[in-house]
Amino acid sequence: MRRIIFSVIFLLILISTVSADVIITQQPKDIYSLGDILNIPIKITTLNDLKDLFTIDLICNGVETEIYKEYLALSAGEEVKRNPKVPLMKNFIGKPSGTCVLKASLGTEKYELTDQFSISNYISITLTQQKIEAAPGEEIVLEGNAVKDNGQPAQGIAEVNIIRDNETVLEKIDTVKNGYFYFNFSLPVDAKAGQ
């Protein structure tokens with residue numbers, strides 16, 4: 001009889017301590033590139049009244065950065081959904097790269113981790129048209145594609161520099177739209193021969 005009473009009391013204590021749950025309803029993709037938006041659908045349920053902080057931290061290679069914070073006040077049996085969208089930009093999350101996880105925490109005791117994913121700043125450049133040799137004053141066309149590590153076309157700015165003996169001979173800047181870039185320029189008429 002003592003054993004049954006002790007088991008019931010232990011079960012009641014265990015139930016009262018497990019009063020809220022953080023559920024990650026969708027795991028992150030395997031790889032993200034800087035500039036992407038990370039979508040984090042989460043459900044929070046509680047058996048008892050709850051007043052606590054809900055936070056999400058990005059942990060990359062051991063470095064933890066808080067990316068979301070909210071105070072929650074829930075009634076017993078209440079369930080809320082949150083879907084924070086986190087821009088993976090250096091000025092918001094720092095300079096993370098490599099293997100990462102998200103840690104969704106309710107207070108200091110209850111947390112849930114996502115599956116691992118990668119954040120990359122790598123962009124693959126493929127030239128579709130290039131000329132290896134040109135004479136001074138001759139027109140040069142550089143055309144190609146820029147693709148982020150996640151397979152999506154890059155957007156942004158491309159820069160071409162022609163350098164000879166540590167001196168910039170020519171500098172061109174243009175936009176990259178939907179992964180496509182195009183440069184059309186001429187070498188200076190007084191450019192010296194060389195590589």
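Colleague: What is the order of the strands in the open sheet that holds β12, and how do they pair?

Modeller: In this predicted model, the order of the three strands is β12-β13-β16, with antiparallel pairing.

Colleague: Why do β12 and β16 stand at the edges?

Modeller: Each has a single partner strand, so one side of β12 (123-129) and one side of β16 (180-186) has no neighbour in the sheet. On average, neighbouring strands of this sheet are turned by 25° against each other, direction ignored. That angle is taken between lines fitted to C-alpha atoms (for helices, over the stretch in contact), on a scale from 0 to 180 degrees between N-to-C directions.

Colleague: How do you know that β12 and β13 pair, and how many bridges join them?

Modeller: Two strands pair if DSSP finds at least two bridges between them. Six bridges join β12 to β13 (residues 139-148), so the pair meets that requirement. For one of the bridges, S124 has V147 in β13 as its partner. In general, strands of a sheet pair through backbone hydrogen bonds, either parallel or antiparallel.

Colleague: And what about the open sheet with β1, in which order do its strands come?

Modeller: That one has the order β1-β4-β7, again three strands with antiparallel pairing. Here β1 (20-24) and β7 (79-82) are the edge strands, since each has a single partner strand. Its neighbouring strands are turned by 15° on average, direction ignored. Five bridges pair β1 with β4 (residues 42-46), and A20 faces T46 in β4.

Colleague: What makes C60 and C100 a disulfide?

Modeller: A disulfide is a pair of cysteine sulfur atoms within 2.5 Å. The sulfur atoms of C60 and C100 are 2.0 Å apart, so the pair qualifies. The structure holds one disulfide, and with 110° about the S-S bond it is right-handed.

Colleague: Which parts does the pair of C60 and C100 tie together?

Modeller: C60 lies in strand β5 (residues 50-60) and C100 in strand β9 (residues 98-106), so the link ties together parts 40 residues apart in sequence. Both C60 and C100 are buried.

Colleague: Which residues does E70 touch?

Modeller: Leaving out residues up to four places away in sequence, E70 touches D52, L53, F54 and R82; contact means heavy atoms within 4.5 Å. The side chains of E70 and Y68 are also joined by a polar contact of 2.7 Å. A polar contact is a pair of N or O atoms within 3.5 Å; within protein, one must be able to donate a hydrogen and the other to accept it, and residues adjacent in sequence count only if both atoms are side-chain atoms.

Colleague: What makes N61 exposed or buried?

Modeller: N61 counts as exposed because its relative accessibility is 55%. N61 lies in the loop between β5 and β6, and its phi is positive, near 50°, although N61 is a residue other than glycine. N178 also has a positive phi of about 50° without being a glycine. N178 lies in the loop between β15 (167-176) and β16, and at 61% relative accessibility N178 counts as exposed.

Colleague: Where in the chain is confidence lowest, and where is it highest?

Modeller: pLDDT is the predictor's confidence in each residue, from 0 to 100. Helix α1 (residues 2-17) has the lowest confidence, at a mean of 47, while β7 has the highest, at 94. The chain averages 84, and 87% of the residues score at least 70. Where pLDDT is low, the predicted coordinates should not be read in detail.

Colleague: What should I keep in mind about the numbering and the cut-offs?

Modeller: Residues are numbered from 1 along each chain as its sequence is written, and side-chain values use heavy atoms, leaving out hydrogens and water. Local features need pLDDT of at least 70 and side-chain atom pairs count only at pLDDT 80 or more, while totals for chains, interfaces and linings use all residues.

Notes. Helix = DSSP H or I, 4+ residues; strand = E, 2+ residues; numbered from the N terminus. Buried < 20%, exposed > 50% of the residue type's maximum accessible area, 1.4 Å probe, protein only.
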